Amino acid sequence: MRMIDLITNKQNKAELTEEEIRFIVEGYTQGSIPDYQMSAFAMAVYFMGMTHEEASHLTIAMAESGDQMDLSAIEGIKVDKHSTGGVGDTTTLVLAPLVASCGVPVAKMSGRGLGHTGGTIDKLEAIAGFKYELPIERFIDLVNKNKVAVVGQTGNLTPADKKLYALRDVTGTVQSIPLIASSIMSKKIAAGADAIVLDVKIGAGAFMKTVEEAEELAHLMVQIGQQLNRKTLAVISDMNQPLGYAIGNALEVKEAIETLQGKGPEDLTELCLVLGSQMLLAAETVSSLEEGKELLQSKIDNGEALEKFRQMIDAQEGDSSVIDHPEKLVQAKYQIPLLATQDGVLSEWIANEVGEAAMMLGAGRETLEDTIDPSVGMILHAKVGDKVTKGQPLLTIHSNRENVDDVMAKLQQVYTISTAAEAPTLIHKVITD
């Protein structure tokens with residue numbers, strides 16, 4: 001078997017076998033297939049695509065390229081959730097305790113974030129003392145005891161995906177739906193999930209810019225999961241404007257607490273109820289999405305979801321007093337408002353540009369070596385469709401530097417005020433097959 005032949009076959013739209021795809025993944029991971037040949041293969045996939053069977057073979061080969069987590073000692077159906085990214089995406093902080101309060105085990109392994117703001121682990125680090133590095137035995141014990149634990153990814157998970165993604169990033173092949181799907185699903189399979197719920201974002205702040213692209217990606221990931229005997233569901237949700245009001249790590253923790261108290265932003269709350277109901281359905285705890293939403297809402301209303309978050313923080317040695325006293329979370333020195341320049345209706349927040357402005361403050365990182373400032377970020381005061389008046393704060397910048405002229409100049413370009421606008425549709429589609 002020769003790599004040059006497999007590249008040529010894919011360029012000619014031939015369907016590769018499981019054995020051929022495994023040869024490619026193993027050879028590239030071990031170094032016998034060089035970057036230049038793998039680049040050619042990725043480009044062939046970019047233009048010619050893959051069948052669902054090929055994408056499934058690629059997923060399992062990448063999942064098996066390194067460690068695979070054995071979570072069989074955790075009682076019940078373990079449901080994982082993945083978001084394709086966005087700005088102000090605080091869903092995991094809300095969903096983990098919320099779903100766990102319904103008796104479903106949430107054994108969540110999360111990473112650090114690149115880009116606008118931190119990942120889930122970065123956000124949890126804003127809570128003093130929180131330990132995200134736990135031995136696997138302790139992780140399993142906590143989930144069995146409390147139904148929830150959130151830890152950093154451990155071991156050598158999916159080294160083939162890490163190596164291939166770095167190559168795609170510098171060869172213009174990131175935007176390939178089969179490569180995106182297999183990258184995401186390989187990590188979920190290796191992490192030991194029994195069932196997977198996917199939040200596929202569309203819009204300015206997302207990889208997928210159209211509903212059609214997002215649907216194609218969601219259907220492929222759902223079919224990959226089902227072919228690999230994982231119950232898999234997906235939601236297509238909007239990311240043309242930031243989710244919720246908070247952007248920045250400590251600010252998002254505070255917003256997650258408010259959401260679990262039943263006082264959170266409408267859009268963040270609704271998305272968490274939709275995703276959470278899918279997680280309950282996948283775990284066979286409820287028989288319909290509507291029943292799931294009602295159960296989740298009841299756990300918010302009776303305070304059990306918030307207490308589960310407190311329990312999770314305590315168990316991982318964090319300062320759970322922030323639940324009752326969120327002012328204990330790290331805070332930036334300066335709060336600087338961005339004022340509306342005219343009366344009207346807010347018709348646009350360009351999500352990715354808002355996120356980049358937050359990264360300029362230190363809320364995110366460009367490389368994994370960059371240090372995040374957990375206290376900085378922004379709080380929005382208006383969403384698309386809201387009436388605004390001249391001089392009204394549209395958002396407040398939370399900064400540890402007094403001079404934010406560069407951030408302010410960028411933010412002046414990322415919103416539009418018009419005479420009329422409607423709030424965007426939050427949930428575009430729910431996909432179950």
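Author: Two strands pair if DSSP finds at least two bridges between them. The model discussed here is predicted.

Reader: How many bridges pair strand 6 with strand 9?

Author: Strand 9 covers residues 377–380 and pairs with strand 6 in the antiparallel sense. One of the partners is Met 378 in strand 9, which is bridged to Ile 247. A pair needs at least two bridges, and the number joining strand 6 and strand 9 is 2.

Reader: Which strands stand at the edges of the open sheet of 4 strands?

Author: The strands of this sheet come in the order 6-9-11-7, and their pairing is antiparallel.

Reader: In the open sheet of 3 strands, which strands stand at the edges?

Author: The order there is 10-8-12, again with antiparallel pairing.

Reader: Which residue of strand 12 does Glu 348 stand opposite?

Author: Strand 8 (residues 344–349) pairs with strand 12 over 4 bridges in the antiparallel sense. Opposite Glu 348, strand 12 has Thr 416.

Reader: Why is strand 4 described as largely enclosed by the rest of the structure?

Author: In a regular strand the side chains alternate between the two faces of the sheet. On one side of strand 4 are Ala 195, Val 197, Asp 199 and Lys 201, and on the other are Ile 196, Leu 198, Val 200 and Ile 202; both faces are covered. Buried means under 20% relative accessible area. Strand 4 is largely enclosed because the buried residues in it number 8 of 8.

Reader: In which sense do strand 1 and strand 4 pair?

Author: Strand 1 takes in residues 79–83 and is joined to strand 4 over 5 bridges. Within this pair, His 82 stands opposite Leu 198. The sense of the pairing is parallel.

Reader: Through which helix does the chain cross from strand 4 to strand 5?

Author: Strand 5 (residues 231–238) runs parallel to strand 4, with 8 bridges between them. Thr 232 in strand 5 is the bridge partner of Ile 196. The β-α-β crossover from strand 4 to strand 5 is right-handed and passes through residues 211–227, which are helix 10.

Reader: What is the volume of the largest cavity?

Author: The count of cavities of 30 Å³ or more is 2. The largest is lined by Leu 71, Lys 78, Val 79, Asp 80, Ala 107, Ala 191, Gly 192 and Ala 193. By class, this lining has 5 nonpolar, 1 polar and 2 charged residues. The volume of the largest cavity is about 50 Å³.

Reader: Which helix gives the largest share of the lining of the second largest cavity?

Author: The second largest cavity holds about 40 Å³ of space, and Lys 81, Thr 92, Leu 95, Ala 96, Val 106, Lys 108 and Met 279 line it. Two elements give two or more residues to that lining, namely strand 2 (106–110) and helix 5 (91–100). The largest share is 3 residues, and these come from helix 5.

Reader: How many of the residues of helix 5 are buried?

Author: Among the buried residues of helix 5 are Thr 91, Leu 93, Val 94, Pro 97 and Ala 100. The helix is largely enclosed by the rest of the structure because its buried residues number 10 of 10.

Reader: Which helix gives the most to the lining of the second largest pocket?

Author: This pocket has a volume of about 330 Å³. Its lining is made of 17 residues, and Gln 241, Glu 266, Asp 267, Lys 383 and Ala 423 lie nearest its centre. By class, the lining has 8 nonpolar, 3 polar and 6 charged residues. The helix that gives the most, with 3 residues, spans 266–282 and is helix 12.

Reader: What is the radius of gyration of the chain?

Author: The chain has 16 helices and 13 strands, and 56% of its 433 residues are buried. Its C-alpha atoms fill a box of roughly 65 × 45 × 40 Å along the principal axes. For 433 residues, a compact globule would have a radius of gyration near 22 Å, and the chain agrees with this at 22 Å.

Technical notes
Residues numbered from 1 in each chain as written. Predicted model: local features only at pLDDT ≥ 70, side-chain atom pairs only at ≥ 80, totals over all residues. Heavy atoms only, no water. Buried < 20%, exposed > 50% of the residue type's maximum accessible area, 1.4 Å probe, protein only. Right-handed = clockwise from strand over helix to strand, strands pointing away. 1 Å grid on protein atoms, 1.4 Å probe; cavity = no way out; pocket = protein on both sides within 12 Å on 5 of 7 lines; lining within 4 Å. Points joined across faces, edges and corners; volume = space filled by probe spheres on them. Nonpolar A, V, L, I, M, F, W, Y, C, P; charged D, E, K, R; others polar. Rg over C-alpha atoms; globule rule 2.2 N^0.38 Å.
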